[in-house]
Each structure stands twice: as structure tokens, then as C-alpha cells.
Amino acid sequence: MQTQQTIAIVGLGNTGSALAKLFASGRHRVLLSDKDIAASEALAVQLLQEHPAYEVEAITCSANACWEADVIIPAVASEELETVANYIKAYANQKIVVSTSIEGLDNSKVAGKLHALFPFSKIVQLYPATDFGASSNQSVSLTIDGADDEAVEMVASLFTEVGCKITAHIAS
């Protein structure tokens, strides 16, 4: 049996909110952090009303959320990623950092960008076949890429647990 993980979702736009809802069917602790604190608190309350067993919490400081987390998902727009990374990278040291995509970069440049932003983290890149917010759990298909086999397996397990279909694991 896999140990319960703590997942920090930093940024609660369309992707971050969709991921928070997706993880509601799992058994892991989820910390929500956004610059709009009221929005993260409202989402946490909504999710707890819909899923009373969901261990979800709004955290006012993304650094605190990342410090507590085993897995960090910076779900922010590509133009905000560097700012967020500079704020949280000290807390992401030796942790799994999951990116859902970086718009404007081709896939061959994504890993390099993430490793530059999070040099001491285990980077896992998700390539969803469809937008997380536009899909139900059962229709989300993912390709997962990462150089650390354990980190890739952990992330695959997290997403499989909530009903996603993993179409490929790619070792970088």
C-alpha cells in the first residue's frame, strides 16, 4: 500500500482548480495556494462540502504549502512560472515538481526550462491529451515524462488512482 502523499497545487486558475477537483476522488492530502486567498479558501470549502472525506486545505502562503508537500504542482501560466519558481524553489528541494505544460515551448525545451527553474527537484512533465478542466476523470489521458523513474511512477500512481489513463511513460 502506497503512503499518503501531500500534494501542493500552487495557482488555482482553470488547470489548478481542475486538478484540485480531480484529486478529490483520491486519498491524498491536498494543499491549495493562490495569490487570491479568498478563491483558494472558497474552493477548499466547496470541495469539502462535495467530498467530506477529502483532506484539502487552503494555505495562504505557497512557500508553506510547498514546504509541507511531497509533490508540488505549479499550475500557473507560463509567464508566471519563473516568478513562482523563484519563490518556492528552496522548498521544492529534492521533491517532485509536476508541470502540466509550458505554453510557447516545444516539448524538447520543457525539461530544460523546468530543470533550470527547479535545479534540485525531481521534475515530472505531464502532457494531457485534453485540458484537465474540459475532461472528466475517466477521460483524462496523460503522457508522463521524467528522468527519475521513482518520481514518474509516483506521479503515474497519483493520477491512475483518480481515474486518469496513463498512455505512456517516457524516460528522459
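Let me start with a word we need today: a residue is buried when its relative accessible area is under 20%, exposed when it is over 50%, and partly exposed in between, using a 1.4 Å probe and protein chains only. What you see above is a predicted model, where local features need pLDDT of at least 70, side-chain atom pairs count only at pLDDT 80 or more, and totals for chains, interfaces and linings use all residues. Residues are numbered from 1 along each chain as its sequence is written, and side-chain values use heavy atoms, leaving out hydrogens and water.

Now, the cysteines. Cys61 is buried, at 18% relative accessible area, and Cys66 is buried too, at 0%. How many disulfides are there, if we ask for a pair of cysteine sulfur atoms within 2.5 Å? The count is zero.

Next, the nonpolar cores. A nonpolar core is a set of buried Ala, Val, Leu, Ile, Met, Phe, Trp, Tyr and Cys residues joined through side-chain atoms within 4.5 Å. The largest one has 34 residues, and Ile9, Phe23, Leu32, Ile73 and Phe159 have the most contacts inside it. Helix H6 gives this core its largest share, seven residues. Helices here are DSSP runs of H or I, at least four residues, and strands are runs of E, at least two, numbered from the N terminus.

Let's look at Phe23. Counting contact as heavy atoms within 4.5 Å, and leaving out residues up to four places away in sequence, Phe23 touches several residues, including Ile7, Tyr54 and Leu158.

Definitions and conventions: Disulfide = S-S within 2.5 Å.
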